[in-house]
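Please keep the sequence and the structure open while reading.

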Amino acid sequence: MNAPEKFISFAPPLIGEEEIAEAVDTLRSGWLTTGPKTEKFEKKLCEYLGAKKGVPVNSCTSALHLAVHALGLGPGQGVVTTPLTFASTAHVVMHQGARPYFVDIEPETGNLDPDEVRRFLETECERGADGRPCHKKTGDRITALLPVHYGGHAVQLDAFWQIALEYNLDMVEDAAHAIGSRYKNLPVGHPALRPKAAKHLKSFTAFSFYATKNLATGEGGFLTGPDEELVERARVMSMYGISDSRRIWGRYAPKGTWVYDVADLGFKYNMMDIQAALGLHQLEKLPKFLERRAANAAIYNEALAELDELAILPATKAYAGHAWHLYPLRLRPEALGLSRDDFIEELRGLNIGTSVLFIPLHFHSFYRKALGYGEGDFPKAEAFFKNLVNLPLSPAHSPEDIGRAAEAAAALLKKHRI
Ligand SMILES: Cc1ncc(COP(=O)(O)O)c(C=O)c1O
């Protein structure tokens with residue numbers, strides 16, 4: 001069969017003339033980095049999320065790092081997270097000298113499973129004097145939970161907060177995929193999602209605006225949280241530890257001053273106005289993008305609905321408003337005469353791009369060496385990965401293109417039914 005001409009790439013951004021004009025305006029403005037557009041983007045993002053404060057940064061990785069730094073995470077401490085994620089989630093914990101503890105996932109959503117977390121805390125840890133769990137083998141104090149809203153499907157936040165309350169744990173939500181996701185009708189990142197009883201626990205949510213994300217600024221991220229002081233402190237740390245970051249970007253303005261004080265050992269994680277220029281328009285279009293993503297997911301669901309003995313379609317739980325960052329299809333190897341890798345190659349032959357998100361972290365050489373994990377440690381995450389194909393979902397694709405991808409996937413499944 002001849003491949004159709006057009007390549008349907010996995011996750012292209014949808015950039016319009018508005019983004020282009022705004023970026024050009026920034027280039028012509030005489031100021032390229034953190035400045036008025038970043039400030040405006042921050043304000044709009046806060047409005048969108050219902051948050052009081054937030055810090056635009058240069059990536060979600062930076063946002064996550066600022067968050068775990070603000071928790072005071074350090075050597076001798078541990079953080080519970082999922083193996084089905086990108087390296088950033090665990091890297092930032094390691095950068096603080098602490099240790100990520102992987103716990104298995106819910107097979108339906110791909111999210112960290114709160115029941116598994118509870119089992120881990122009850123069986124592999126014992127209570128320390130401060131009520132926090134202490135890992136029996138390493139002696140590490142577990143101080144935080146770090147769930148990931150996989151693919152834009154919210155995690156069971158209430159269950160995680162219940163655990164956090166019982167064990168005195170802080171919380172960082174990796175919302176790299178979850179701009180536009182909702183949990184029980186509130187946007188992920190909304191301050192009211194932390195229960196009032198958990199006010200004493202530190203909490204942050206980190207978003208990504210990487211090139212493939214639901215809202216794309218090339219590179220970019222956003223950190224928010226219900227504690228305004230902590231978020232303001234993270235802002236200082238995002239800009240070298242300079243106590244008033246506006247002094248940095250405002251210093252060349254007519255009333256600017258050359259004086260500034262480095263008050264802490266901060267990082268260089270600030271967002272540029274060039275990124276914010278794209279973000280402003282991407283955010284305005286986000287509701288439309290989300291509609292298109294949901295419509296694209298519905299096209300796959302319809303084309304594949306009758307084939308559930310051959311492949312598992314992504315679930316949407318009642319508590320989740322899905323942002324459809326990913327469409328994770330999982331093949332059923334026992335029913336198919338074709339491997340996942342061959343399925344991907346056949347789709348590639350039809351000019352359809354896919355991805356596999358994620359290779360579990362404990363399969364990577366660094367994490368095997370650093371943490372001593374190995375194959376078999378997280379069977380549900382491993383089974384999820386081994387049968388996983390993420391299909392293209394971007395709103396940049398027309399319904400016809402997604403229809404072509406959906407039909408190709410359905411035809412392949414049928415052809416290789418055992
Ligand atoms: C789950 C998850 N967390 C964190 C990140 C890091 O995001 P960024 O590239 O903005 O640093 C990614 C990136 O793809 C991700 O998928």
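Glutamate 108 is partly exposed in this predicted model, because its relative accessibility is 45%. Its side chain forms a salt bridge with that of lysine 317, at 2.8 Å from N to O. The two residues are 209 apart in the chain: glutamate 108 sits in the loop between β3 (99–102) and α5 (114–123), and lysine 317 in the loop between β12 (311–312) and β13 (320–321). Lysine 317 is also partly exposed, with a relative accessible area of 25%.

**Other salt bridges**
- The whole structure holds 25 salt bridges.
- Lysine 380 and glutamate 116 pair through their side chains at 2.7 Å, N to O.
- Lysine 380 is in helix α12 (residues 379–386) and glutamate 116 in helix α5, so this pair ties together parts 264 residues apart in sequence.
- Lysine 380 counts as partly exposed at 28% relative accessibility, whereas glutamate 116 is buried at 15%.
- Aspartate 170 and arginine 132 form a salt bridge at 3.4 Å, N to O, and both residues are buried.

**Nonpolar cores**
- The largest nonpolar core has 64 residues, of which Phe41, Val117, Leu121, Leu145 and Phe209 touch the most other members.
- Helix α6 (residues 157–167) contributes the most to this core, with six residues.
- Beyond its neighbours within four places in sequence, phenylalanine 41 contacts Phe209, Leu215, Met271, Ala276, Gly279, Leu280 and Leu283.
- Another core, apart from the largest one, has 30 residues, including Tyr327, Val389, Ala409 and Leu413.

Definitions and conventions. Residues numbered from 1 in each chain as written. Predicted model: local features only at pLDDT ≥ 70, side-chain atom pairs only at ≥ 80, totals over all residues. Heavy atoms only, no water. Core = buried A, V, L, I, M, F, W, Y, C linked by side-chain atoms within 4.5 Å. Buried < 20%, exposed > 50% of the residue type's maximum accessible area, 1.4 Å probe, protein only. Helix = DSSP H or I, 4+ residues; strand = E, 2+ residues; numbered from the N terminus. Contact = heavy atoms within 4.5 Å. Salt bridge = Lys/Arg side-chain N within 4 Å of Asp/Glu carboxyl O.
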